[in-house]
Amino acid sequence: MITQEPNLAEQIDIQETLTRMVKALEPLKASRPLMIGIQTGGAWVAQLLHQMLKLEEPLGTLDISFYRDDFTRIGVNPQVKTSDLPVDVDNRHIILVDDVLHTGRTIRAAMNEIFDYGRPACVTLATLIERDGRELPIRADVVGQSVRLNTKEHIKLIKNQEDLTPGSLELVIQKAGE
Amino acid sequence: MTNDLQFDSQGQLRNLLTIEGLNRQTILDILNTAESFIAVGEREIKKVPLLRGKTVVNLFFESSTRTRTTFEIAAKRLSADVININPSVSSTNKGETLLDTIDNLEAMHTDLFVVRHKDSGAAYLVAKHLPPHVRLINAGDGRHAHPTQALLDSFTIRQYKKDFSQLRVAIVGDILHSRVARSLIHVLNILGVPEVRVIAPKTLLPVDVEKLGVRCFYDMRTGLEDADVVVMLRLQRERMQGALIPSEQEYFNLYGLTLEKLKHAKDDAIIMHPGPMNRGLEIDSAVADGERAVILPQVTNGIAVRMAVMAIVMGGSAPKDRRPGQ
């Protein structure tokens, strides 16, 4: 049984959070970074940041399904999407974008996948939401909003409209069990 | 009964023996997963870590180059350890039975078997014998089934034709001996292709072939009329007992695909062949090497589709599920 708790999630203004992230990312533009969003929530955030920052290089997307460490338990996600890195990552500055940083396992998988494409010069991690519950020594360099949640709670980014705008995105908190 | 072996109690695909019993969604999941593996094959490092530490045994009791090689590459691109066994030059020659061979390989902690055998039903027999944590993919059993070929063929059709619901597909040649044809007919019916045709001399059509859901034609020109996809089959002379065709020249004249006969199909029709091709017997070189042939893309797609099937049947195979000694 999953119930939805709107309060905390509703207090976060996504437009404002993105603006804050853009400000923090602005100085990195000089290094002509490649932005890569992790499917699917991270890809939405990356697409919006990419527009707002007016980055020259095309946006990349990553589906980490084939790199997950829980494959032997849960199998392949049937909705797996194609990873698309349109520009060679060798010696480039990568800005890796995700919607929620939680255990850190997704980021580990994403970095493993990026390194199968080449050897980037450096990787900066930007996440819309950073929450507690890290299981790996991974930290975000740019954080939109930090939240503290109960271990049974999950915060999730969803898209309510066909067209992607900051207004089409919504954060929801789902409670497992109870 | 087959489906008890193909699916677990949660409805997850565990062994792939035949297309029969799969539903549309399972097939689409395989094709969509394969789509993502195509991109992996185009990268600098063509490997993902999904099956790291798993042991795959390719057990081919019947010779094969293309299928065995693409299964091997597929397993390697998933980071599995893969062993090829060709029992015609090993222990079965010394009198060991099929199931004894399997037991020995299973005792070496094999996680996945890919089996090809000249007898129909061999894959089913082996799957029934294996403990539940060991998985099996049928790479062709006798005249019965060749499910991964049918999946890669439908993947290739979707790549060029997008929408299954508008297509006319003609399968030409030795339908009688062809496990490829049987599996392909099933997959196209499940995917909703409105018209599947078979074109062959009566001697090369199975009895009651219409019951599989196809229209029969004995003449190439009428059968190819307005076809979107033409699948040529190899004339399987090694399986033929008795005189099923008058002569090879006569067969080519009547059923060999030439540019002239191809004019009856649609202008944008694609030509497929599962290989190996007999040039000048079922297909003319001008067609096989022509721009509408997608025979080599079929081979490339075969790797991605086999990666998808392997990944799906091996998914969720955590050691805690192991039930040894069964």
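How many salt bridges are counted between chain A and chain B?

Analyst: The count between chain A and chain B is two salt bridges, a salt bridge being a side-chain nitrogen of Lys or Arg within 4 Å of a carboxyl oxygen of Asp or Glu. This is a predicted model, in which local features need pLDDT of at least 70 and side-chain atom pairs count only at pLDDT 80 or more, while totals for chains, interfaces and linings use all residues. Side-chain values use heavy atoms, with hydrogens and water left out, residues are numbered from 1 along each chain as its sequence is written, and chains are lettered from A and ligands numbered from 1 in the order in which they are written.

In one salt bridge, the side chain of B:Arg43 meets that of A:Asp116 at 3.6 Å, N to O. On the side of chain A that touches chain B, helix H4 (71-74) and helix H5 (105-117) of chain A each supply at least two residues, helices being DSSP runs of H or I with at least four residues, numbered from the N terminus.

The contact (heavy atoms within 4.5 Å) takes 18 residues from chain A and 23 residues from chain B. About 1600 Å² is buried between the two chains, and carbon and sulfur atoms give 66% of that area, where buried area is the accessible area (1.4 Å probe) that two parts lose on being put together, summed over both. Within chain A, the most area is lost to chain B by A:Phe66, A:Phe71 and A:Thr72, which together make up 40% of what that side buries.
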